[in-house]
Amino acid sequence: MQTSTAESFYVEGEISLPEHFQRFYLLGCSKCNHLVRSKIKREIQCINCRLPRMLIPRCHFEVEITDKTGTITTTMSKGLGERILSMTAEQIYDITAVNNELFPVAHINQLLADKLFRIQLQMSSSRTPDKNAGSLVLLSYTEKLTMFLPEESTSASGADRIMEEEPILVTDAKATKKRKRESSTLPKLQSRLSNQ
């Protein structure tokens, strides 16, 4: 999918799958990746290649990004989607299309719960069978690691200092300062998308 690099930006937030029904895949030409509206794998006459080609599944679905200011919806696809779901597009197709089962949204959301990500987003300039141009596309994500250090305290008698088992969270001072300087991107994105 081609997108404009001018609209690329970063946000920090949690990633989750929305509760509404989605297929988690699109089907495309096995040679040129041209996406089609078909829901089942079959051979087609590709309008792009102009040759008979087999359709193959491509990972493609919506995720929600949430921070303290709100939630936005964006599209995740291909290898990034397979990575966050820990399964291939073929496995996703088998679950939803072949076995006609519901995708395990609750299980994936449990695995993603309480994780913070640095996420690169972009406004899409192209269309897919399920989305118009101008929607948000997730380009990359990295889990932000939190470092825990033991807390130092005194014992009940006050004679010896001991290390507590309970960890305390150490925050990144640079990231905190940067967050204070930059106003949140999510409300701006929501207003920009609603105006389109």
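Author: Helices here are DSSP runs of H or I with at least four residues, and strands are runs of E with at least two, numbered from the N terminus. On that basis the chain has five helices and 10 strands. The model is predicted.

Now the loop. Gln22 sits between β1 (9-16) and β2 (25-29). Is Gln22 buried or exposed? Its relative accessible area is 13%. The cut-off for buried is under 20%, so Gln22 counts as buried.

What does Gln22 touch, leaving aside residues up to four places away in sequence? The contacts are Phe61 and Glu62. With Glu62 there is a specific atom to name. The side chain of Gln22 reaches the backbone nitrogen of Glu62 at 2.7 Å. A polar contact needs N or O atoms within 3.5 Å.

Next, a helix residue for contrast. Asp94 lies in helix α2, which covers residues 89-98. Its relative accessible area is 31%. That value falls between the limits of 20% and 50%, so Asp94 is partly exposed. From Asp94 to Pro57 the C-alpha distance is 9.8 Å. In sequence, Asp94 and Pro57 are 37 residues apart.

Finally, the whole chain. It has 196 residues, and 33% of them count as buried. Take the contacts between residues at least 6 apart in sequence: 60% join residues at least 24 apart. The accessible surface comes to about 12,500 Å². Carbon and sulfur atoms hold 51% of that surface.

Conventions: Residues numbered from 1 in each chain as written. Predicted model: local features only at pLDDT ≥ 70, side-chain atom pairs only at ≥ 80, totals over all residues. Heavy atoms only, no water. Buried < 20%, exposed > 50% of the residue type's maximum accessible area, 1.4 Å probe, protein only. Polar contact = N/O pair within 3.5 Å; in protein donor to acceptor, adjacent residues only side chain to side chain. Contact = heavy atoms within 4.5 Å. Areas by Shrake-Rupley, 256 points an atom, 1.4 Å probe, with all protein chains shown as cover.
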